Amino acid sequence: MATERYRKNAGAVFNLKYHLVWCPKYRKPVLVDPVDKRLKTLLEMKAHELGATIHAMEVMPDHVHLFLESDPTKAPAHIAAQFKGFTSHQLRIEFSHLKTTLPCLWSRSYYMGSIGTTSEATIKKYIANQKGRE
C-alpha cells in the first residue's frame, strides 16, 4: 500500500484516488461465498496489471466498493471498464450459475468519485488568487 502523498511517473506528479462502485445486473445478490472471495483476488490481479493500488475494497452481496489509486495515463472510465470486464469474464467461466442467473454479470452503470486531500473551495480560492502572485 502506497503511503506517499504524491506519486510520480515520467511526466507528472499526481495524487489520483477514486471511489468506484458497481452492481450486478438487476442488483441481484450473487456476490456471496465463494464468488466474493474469488472476485477480491481477481480485482487485486487486475489492479496489479493496471499499475493501480487498491487501498480498500468490500464486496457486498449486491455491489462492490473499491478505493483505488491510479496514474493520469488511465482514464477513470477505462479503469472501471477494465475491472468490470475482466472480472465478469473470469467469474462467468469459473461459476457457471452466474451465466444461467443473469444475462451479463454487471449492470452497465457505475459510480466513480474522485477523492482528494484538497477541498473544492480551497482549489477555487487558490486559482482566484493566482493573478495577485505575479
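These are my notebook entries on a predicted model.

**Ground rules**

I number residues from 1 along each chain, as its sequence is written, and side-chain values use heavy atoms, with hydrogens and water left out. The model is predicted, so local features need pLDDT of at least 70, side-chain atom pairs count only at pLDDT 80 or more, and totals for chains, interfaces and linings use all residues.

**Entry: the two helices**

I looked up α1 and α2. Helix α1 covers residues 35-50 and helix α2 covers residues 76-94. Helices here are DSSP runs of H or I with at least four residues, strands are runs of E with at least two, and both are numbered from the N terminus.

The two axes come within 10 Å and cross at roughly 135°. That angle makes α1 oblique to α2. Axes are lines fitted to C-alpha atoms, for helices over the stretch in contact, and angles run from 0 to 180 degrees between N-to-C directions. Under 35 degrees counts as roughly parallel, over 145 as roughly antiparallel, 65 to 115 as roughly perpendicular, and the rest as oblique.

The crossing of α1 and α2 is right-handed. The term applies if the near helix is turned clockwise from the far one by less than a right angle, and left-handed if anticlockwise.

Which residues of α1 and α2 meet? From α1 I listed V35, R38, L39, L42, L43, M45, K46, A47 and L50. They meet H78, Q82, F83, F86, T87, Q90, L91 and E94 of α2. Contact means heavy atoms within 4.5 Å. By class, this contact has ten nonpolar, four polar and three charged residues. Ala, Val, Leu, Ile, Met, Phe, Trp, Tyr, Cys and Pro count as nonpolar, Asp, Glu, Lys and Arg as charged, and the others, Gly among them, as polar.

**Entry: L50**

I went back to L50 in helix α1. Is L50 buried or exposed? L50 counts as buried because its relative accessibility is 6%. Buried means under 20% relative accessible area, exposed over 50%, and partly exposed in between, with a 1.4 Å probe and protein chains only.

Beyond residues up to four places away in sequence, L50 touches K74, H78, Q82 and F83. I checked the spacing to Q82.

**Entry: from A52 into β4**

A52 sits in the loop between α1 and β4. At 12% relative accessibility, A52 is buried. Setting aside neighbours within four places in sequence, I found A52 in contact with A47, L68, E69 and S70. P103 is 51 residues from A52 in sequence and 29 Å away in space, C-alpha to C-alpha.

I54 belongs to strand β4, residues 53-60. With 13% relative accessibility, I54 is buried. I54 touches L43, E44, A47, L66, F67 and L68, leaving out residues up to four places away in sequence. K25 is 29 residues from I54 along the chain, with 24 Å between the C-alpha atoms.

**Entry: E69**

E69 turned up in the A52 list, and I looked at E69 next. Its place is strand β5, residues 63-70. E69 counts as buried because its relative accessibility is 1%.

What does the E69 side chain make a polar contact with? Its partner is the side chain of H55, at 2.7 Å. A polar contact is a pair of N or O atoms within 3.5 Å; within protein, one must be able to donate a hydrogen and the other to accept it, and residues adjacent in sequence count only if both atoms are side-chain atoms.

I checked backbone angles here. Most residues other than glycine have a negative phi, and most peptide bonds are trans.

Y26 lies in this loop. Phi of Y26 is near 60°, a positive value in a residue other than glycine. At 58% relative accessibility, Y26 is exposed.

R27 is in the loop between β3 and α1. R27 has a positive phi of about 50°. R27 is partly exposed, at 43% relative accessibility.

P34 is found in the loop too. The peptide bond from D33 to P34 is cis, with omega near 5°.

**Entry: S107**

My last stop was S107, in the loop between α3 (97-101) and β6 (111-115). S107 is buried, at 17% relative accessible area. Apart from residues up to four places away in sequence, S107 touches C23, P24, K25 and K84. F14 is 93 residues from S107 along the chain, and 31 Å separates their C-alpha atoms.
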